[in-house]
Every structure is written in C-alpha cells, then in structure tokens.
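This report concerns selected local features of one protein chain. Please have the sequence and the structure at hand while reading.

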Amino acid sequence: LTVMGDAGMQPTVSAPESPAQQDPLFSMTDVFLISLITGLFTYWFFFRKKKEEIPELPKIQSVTSPVRENSFIEKMKKTGRNIIVFYGSQTGTAEEFANRLSKDAHRYGLRGMAADPEEYDLSDLSRLSEIDKSLAVFCMATYGEGDPTDNAQDFYDWLQETDGDLSGLRFAVFGLGNKTYEHFNAMGKYVDKRLEELGAQRIFELGLGDDDGNLEEDFITWREQFWPAVCEHFGVEATGEESSIRQYELVVHTDVNMNKVYTGEMGRLKSYENQKPPFDAKNPFLAPVITNRKLNKGGERHLMHLELDISNSKIRYESGDHVAVYPANDSSLVNQIGEILHTDLDTIMSLNNLDEESNKKHPFPCPTSYRTALTYYLDITNPPRTNVLYELAQYATDTTEQEHLRKMASSAAEGKALYLSWVVEARRNILAILQDMPSLRPPIDHLCELLPRLQARYYSIASSSKVHPNAIHICAVTVEYETKTGRLNKGVATNWLKNKVPDENRSKSLVPMYVRKSQFRLPFKPSTPVIMIGPGTGIAPFIGFIQERVWLKQQGKEVGETVLYYGCRHENEDYLYREELARFHQEGVLTQLNVAFSRDQAEKVYVQHLLRKNKENVWKLVNEGNAHIYVCGDARNMARDVQNTFYEIVAEFGSLSQPQAVDYVKKLMTKGRYSLDVWS
C-alpha cells in the first residue's frame, strides 16, 4: 500500500512541472498552490503510514509470545512429572479415570498428570523419552459409530496423518466403549494399534471397558494389573498403602462481590445474562421453551414434545443433528444433602487446585455456592464409583460402615460383587448412601471435590431447519423407576424438561443448549429412496427427515420413496406424532407407513417383524433403488435385531451365504447407506 501510495503521488506532483519548463514565468499563486499541494500530500503520506504501522506491532508480539505454551513436555519437566494420562472424554468418565491413574502414580514414587489432548501439541510425544521413567497412558472413549470424542478429534487426525518416529515412547491404553454398539471400543483399539505402528513400546496390554456390562469393574481389573507391569518395567516398588490425597483446597468467601460468583454458567461468568455467539459446550444458549406437550394418550409413561426457540442465536442445525441440554438436579435432593450434612448450602466458596501448574484450576466454576454446585455442576443421581467410596470411608465413624465402604472399593472379588449388588444394581446415589450409613458424614467440600460433573444430555432433533429455522424440537420420555431399596429414582434431564412449561416472561422456561453435528444425514439426492426404522422416541430424527422431504417436494424437487417403520406399545396409548404421520402419508411424501404395536395382541410384534413381512419390497429398494437405511433407538436389542433381519433379507434375495450377507451390510455402512443413531 505504501509503495502504491508513493507511485500514485509522483504524476500528481510532476504534472504541473512540465509546462513550467516551457514558460519560465511563474506567478506567486502557482508557487503557493504547488507548495500547498506538495505539503498536504507529504503530511498525508507520513501521517497515514504511522497509523498503519502502529497496530501491527502488538500483532507480531501476540504471534510469537506463546512459543511452548502447548508443550506438555516442558510442563512435565518444570513440575517433575514423568507419567502423563491423556483422556478422550465425551461424558466425563474417561477424564475421571485419567485423574485416578495420575493420582495413583505417587504410590510408586512417580508423579502423574491428567491432560486434555485438545490443549497440547501431541507431536511432542516423540520427545517424552527426554524424561526419565516416562510413560504416556491414554484413556480413550469411543463416541457414536466408532468416532473419537470431540476433544480427541485433533489427536485422531494427527495419528492418521503423521509418519513420525515414536520409538522412544512407552505407552498403555484403556478404552471405554459399549458392546451394544457396532464399533466397540474403536478409538481405544486404533490408538493402541497406531502407536505401535509408529514405533512406540506398549508396556501393558490394551484394556477394553464395556459400559453395557460393568465399566467400573473393567477399569479396576485392568488398573490392578497395569501398575505391577509399570513397576516391573521401571524397577520401582509401591511406597505403601493407598492414602487419601486432596486435590483441591477449600476457600470460604465471607466478603465477596456477588457479581463475581458463578450461578450455573458453564464457562464465562455472567454468560447467561450477556449472551454472545457462537454457542457451544462451554457457552450454551439459553433457549426459551415455546411448546411443551404430552404426546401419549394414556399409559404410565410421560412422552413429550418440546420446542426450543433459537431466534437471534445464529445457531444453525441440519436434520439428524443432536441438541445437547444442560439440566439441573432436583432441588429436593440438593436440600436433603445439605440437611444430612448440616451445611448452609448458600455458603460462597472456591475449591482451588493445590497443583498451581495444573490447567484445571477448579473442579467446577468457582467461586460459587454449595447449592449451585450441587444443582448445576455435580452428578448427585448416578451411583458413585469405587474411588469416591474409598475416599469417603475415612469419614465413617462406625467401623462396620467404614469396612463396608473399603471392601466395595477394593479389587477383591468379594468387594466387586458387593459394590455391584449394593451400589450399582440397587441404584444407590450419594444421598441414598448417606441415608443408609448414618455414621458417614463427610465434609461437603470433599464430597463436592469427589463427585463427577453433571453432563449435558443429547437428544436427536425432531425437526427440519428448512421448515423450522428458528426452533429445535425434542421428543423424549421421562425416566422414573423404583429401585430395589424402594426409592423412586427420576431421570435428571427428562423430569427437568417436563417441568419447563412456557410462561409469559420466559424466565423459568429457559434451557441451556447447543447443537452437536452428526453424520446422520439424508441422501444428497432427494430422489434417493430412504428406509427409516425408529420405534418409540427413535422416531425423533425421522420427523425432521420427513418434514425436509415435504419441503423439498414443495421446492419442485423429485423426492424418492420415503418409507417409515415405526413401533410403539399400544395404538391408542403411545402412538407418537400419529396425526402428523397420517398427514404426511396422505400428502404422498411418506410413501409407506408401517407401524408395529407390540402389545396390542397376544404375540409381540416389533419393527423387525414388519421388515420381514415386506422383505421383497425392502430388498428391491436397497438393491435396485440404492436406498439409504436409517436406524434410530435402542442399541441393545432393537438395532441388533433390525441388523440381523437385514442380514436375512440380503442372504435370501441376494443368494448369499450368511458371512457374505454380513459383509454386504457392512459395506452399506462404509458407503454411508446404513446409518445408526442409537443409545443403550
């Protein structure tokens, strides 16, 4: 720009000079005007140059200042750590396991740190051998259909692309998965295999945790064999008994500015009062509930349809995406914990990390009140894990209760069985444990340190943004059941959403939410046929899909066959979106509406039975029409039974053997023609 400015000035100044050479007579007016113009241009040039250069200086500094900020190697050297435990976590469990492993290290004279791979440059793994007795552990959860968790996506991409030499790296992997899903523990398996391919040395076998079974027991079993392998490899020994080490210290604020106190925000202080896009997991949007209606006509369950207003949020979504909502715990449970621990829940406090070098300064946003922490930040309804019981045992004044807690936290077979029956199967949450153990009265700050974070809940969006650009629809069923101890347990999010009734001032009906992108997508060509299978609330994304196909047809597009297989218990009780589906069918966009009522006759009828009944038509759509298949709902039974039915149909009409039919369906999945949106 400066050079162009200079060039542009030359002809302007020299233009009057050429005639001046032919006529030597120069009037005073000419001299004055030339001097004035030259002076003005000179002043403009230098003044403008200054303005351009000044803001560039801080830019240069900001680029160069955080040179090694994301180097975990430098951090480990600085703090004397030699074990780093990375976690790929979507719901907080892998992070929890990573923290437990890093705390374990001190028992063997080693020092560990848990780390979020999203915060560091993982190419530094090649330098880990610079640290004596160094080890990298990976606690990797698998999300969706074999995908990495959001915070491990960059790490996964790097592993795929790198050809670096990791021959100096020692590692171990524990995977967190669920056997009801097609790609069980895909991420853990991939990380373990890929690190070995890059030359790293595995010092203990891959652990595969199964959340459909007992994930906690799987982790404990792996962990109790992992540490002896570490000891043997490094030639170290356990320094003694396990000891309870606090990670955070309590600071009570007696004189605090309430504008500096968190009241439930997930990230930025006052973010709920002063909303700024973009909205994500750390900055959710407060969406008003504009509709909340009961969908079922009868029965014991409560199935509901909610509509969240996202006007002016700049949030964009597509059919098939998920909406994440941050719920709040039931205030009666929070109050009972406060009463049983004789605590003033409105005390303002902070829990500060004793490790000043840690990236995680607090276990949840601080300063805040105990009431806010127990309501918005901590999981108080799920059965606590064994490490929580172990840490709490020291506060039980009755020796029998203390032994009971310690036994359940042990790795002995008897202890594992006791934990399974007394905690997991009985669905005892922290309040139930405090109620059933009268001598157990821990300090509330230590309890808050130990409890895991309350997680966002994900729902398949039941609308199309083409039809509803300013609203997101949710279809959900309230969870409520009686436990073996006779207590009534309620699902946190669904019961919270049930009470979100639209009101005029909208203040009480706000839902903190954000959108999570999905791979569950309609075909690129509207003319491609679709077969949708979704019983119960599994119909949610298909309401969005059908809405979009109706819209596409209205735009003059050729829309292919749209086939739905839906199932519910009773036609007159829980047939969800009955009127809408009848209208879609009548209008001709929903070309087939197949509904299975499982309990309206002596023999139960499910969606897979209707698929078998229409097997010739199903095969024709798949084989000749290149149809895309979508399955949404229960992973444990329905999704597996539907997949087995497709194996049968493909084998019969494609004249294939069972292994060939399985391979055919797996190829459909690889090509994106068989998609799953399932939960267990």
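P278 is placed in the loop between strand β8 (248-252) and strand β9 (285-294) of this predicted model. A cis peptide bond links P277 to P278, with omega at about 0°. P367 belongs to the loop between β12 (348-353) and β13 (368-369). K133 is found in the loop between β2 (112-115) and β3 (135-143). For context, most peptide bonds are trans, and most residues other than glycine have a negative phi.

| Helix pair | Distance between axes | Angle |
|---|---|---|
| α13 (residues 399-408) and α14 (residues 413-425) | 7 Å | about 105° |
| α18 (residues 540-554) and α19 (residues 578-587) | within 11 Å | roughly 30° |

How are α13 and α14 oriented to each other? An angle from 65 to 115 degrees counts as roughly perpendicular; the angle between α13 and α14 is about 105°, and these helices are therefore roughly perpendicular to each other. On the α13 side the contact involves H404, K407 and M408, while α14 contributes E414, G415, L418, Y419, W422 and V423. By class, the residues of this contact comprise five nonpolar, two polar and two charged.

The crossing of α18 and α19 is left-handed. Here I543, I546, Q547, V550 and K553 of α18 meet L581, F584 and E587 of α19. The residues of the contact between α18 and α19 comprise five nonpolar, one polar and two charged.

The last topic is a pocket. The second largest pocket has a volume of about 320 Å³. Which residues lie nearest the centre of this pocket? They are T263, G264, Y272, Y376 and P512, out of 17 residues that line the second largest pocket. Helix α11 (370-377) and strand β18 (510-516) each provide at least two residues of the lining. In the lining of the second largest pocket, 10 residues are nonpolar, four are polar and three are charged.

Terms used
Residues are numbered from 1 along each chain as its sequence is written. This is a predicted model: local features need pLDDT of at least 70, side-chain atom pairs count only at pLDDT 80 or more; totals for chains, interfaces and linings use all residues. Side-chain values use heavy atoms; hydrogens and water are left out. Axes are lines fitted to C-alpha atoms, for helices over the stretch in contact, and angles run from 0 to 180 degrees between N-to-C directions. Helices (H or I, at least four residues) and strands (E, at least two) are DSSP runs, numbered from the N terminus. A crossing is left-handed if the near helix is turned anticlockwise from the far one by less than a right angle, and right-handed if clockwise. Contact means heavy atoms within 4.5 Å. Ala, Val, Leu, Ile, Met, Phe, Trp, Tyr, Cys and Pro count as nonpolar, Asp, Glu, Lys and Arg as charged, and the others, Gly among them, as polar. Angles under 35 degrees count as roughly parallel, over 145 as roughly antiparallel, 65 to 115 as roughly perpendicular and the rest as oblique. On a 1 Å grid over the protein atoms alone, a cavity is a set of points where a 1.4 Å probe fits but cannot get out, and a pocket is an open set with protein on both sides within 12 Å along at least five of seven lines; lining residues have an atom within 4 Å of a point. Grid points are joined across faces, edges and corners, and a volume is the space filled by probe spheres set on the points.
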